[in-house]
Amino acid sequence: MATLSVKDVSLRFGGITALDGITFDVEPGQICGLIGPNGAGKTSLFNCVSRIYQPTSGQILLDGDDLLAHHASAIARRGIARTFQNLGLFPTMTFLENTMAGAYTHGRTGFFRAIARWGVAREERTQRLEAYELLERLDLAQYAFHPAADLPFGTLKRLELARALAARPKLLMLDEPAGGLTHAEVRELGEVVRQVRTDFDLTVLLVEHHMGLVMGISDKVVAMSFGKKIAEGTPREIQVHPEVVSAYLGTPV
């Protein structure tokens with residue numbers, strides 16, 4: 001069974017069609033790159049999977065479970081975590097606290113127990129330890145007690161990844177993770193994504209404009225243009241697909 005199945009998904013905003021019958025599967029353990037020119041619908045599809053948008057029609061399944069049957073607030077508990085194109089960190093909180101925030105869906109204390117502080121200390125100790133271990137794995141432990149501000153952009157991008165991993169996802173969604181990074185940082189990011197895929201037994205959906213990163217780490221690539229899927233295959237197949245070349249370079253098909 002595919003980890004993620006997108007089946008005939010369409011999304012319309014009034015008279016504008018953002019997505020038009022998109023269908024593809026992502027198998028367990030795959031890194032799937034989602035590419036296309038600006039306005040192709042990549043972010044719209046990404047936001048449908050993470051339930052920021054409600055599709056007009058179609059199905060989105062995670063391990064066979066219909067995500068559209070669940071409230072958007074329950075998506076993280078279903079096993080989906082994501083990073084954002086623009087950093088969504090808490091700048092006054094430390095790296096450790098930001099990472100711990102990603103584990104909120106696994107808390108068992110509950111509202112009334114939290115007010116009374118019953119069992120809170122034990123749960124916080126466990127989350128703190130797990131968060132610190134994540135920071136160590138991503139070479140961020142030296143910043144554990146540093147506020148998430150005034151540090152290089154690439155470092156903060158890795159912190160976002162740590163926070164997403166703290167949610168213990170099945171499906172990790174990365175939205176333009178290479179944006180704003182140097183060439184050296186992009187190469188490092190590719191290695192990190194492959195490593196966490198293996199270490200945490202993840203399936204990864206990647207939206208990215210940096211073709212070197214996408215083609216270098218993806219097992220499969222889905223290419224989009226004007227809200228439609230125009231090609232699907234291995235990186236090698238996509239690089240020479242005539243419709244993909246046309247969409248990117250404006251040459252005749």
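Which side chain does Glu130 meet in a salt bridge? In this predicted model, the partner of Glu130 is Arg168, with a distance of 3.0 Å from N to O. The two residues belong to distant parts of the chain, 38 residues apart: Glu130 is in helix H5 (residues 120–137), whereas Arg168 is in the loop between helix H6 (153–165) and strand S7 (171–175). Glu130 is partly exposed, at a relative accessible area of 32%, and Arg168 is likewise partly exposed, at 49%.

The fold that carries this pair contains 10 helices and 10 strands. The chain has a radius of gyration of 19 Å, close to the 18 Å given by the globule rule for 253 residues, and is therefore as compact as a globular protein of that length. The C-alpha trace spans about 65 × 40 × 35 Å along its principal axes. Of the 253 residues, 48% count as buried. Where contacts join residues at least 6 apart in sequence, 67% of them connect residues at least 24 apart. The accessible surface of the chain amounts to about 12500 Å², with 53% belonging to carbon and sulfur atoms.

Side chains of opposite charge can pair when their charged atoms come close. The structure holds 10 salt bridges, including the pair formed by Asp20 and Lys228, in which the closest N and O atoms are 3.8 Å apart. Because Asp20 lies in strand S2 (residues 16–26) and Lys228 in strand S10 (residues 228–233), this pair ties together parts of the chain that are 208 residues apart in sequence. Asp20 is partly exposed, with a relative accessible area of 32%, and Lys228 also counts as partly exposed, at 44%.

A further salt bridge is formed between Arg197 and Asp219, with the closest N and O atoms 3.0 Å apart. Arg197 is located in helix H7 (residues 183–199) and Asp219 in the loop between helix H8 (211–217) and strand S9 (220–225), so the pair ties together parts 22 residues apart in sequence. Arg197 is buried, with a relative accessible area of 17%, which is under the 20% limit for that class; Asp219, at 34%, is partly exposed.

Definitions and conventions. Residues are numbered from 1 along each chain as its sequence is written. This is a predicted model: local features need pLDDT of at least 70, side-chain atom pairs count only at pLDDT 80 or more; totals for chains, interfaces and linings use all residues. Side-chain values use heavy atoms; hydrogens and water are left out. Helices (H or I, at least four residues) and strands (E, at least two) are DSSP runs, numbered from the N terminus. The radius of gyration is taken over C-alpha atoms; the globule rule is 2.2 Å times the number of residues to the power 0.38. Buried means under 20% relative accessible area, exposed over 50%, partly exposed in between (1.4 Å probe, protein chains only). Contact means heavy atoms within 4.5 Å. Accessible areas come from the Shrake-Rupley method with a 1.4 Å probe; for residues, only the protein chains shown count as cover. A salt bridge is a side-chain nitrogen of Lys or Arg within 4 Å of a carboxyl oxygen of Asp or Glu.
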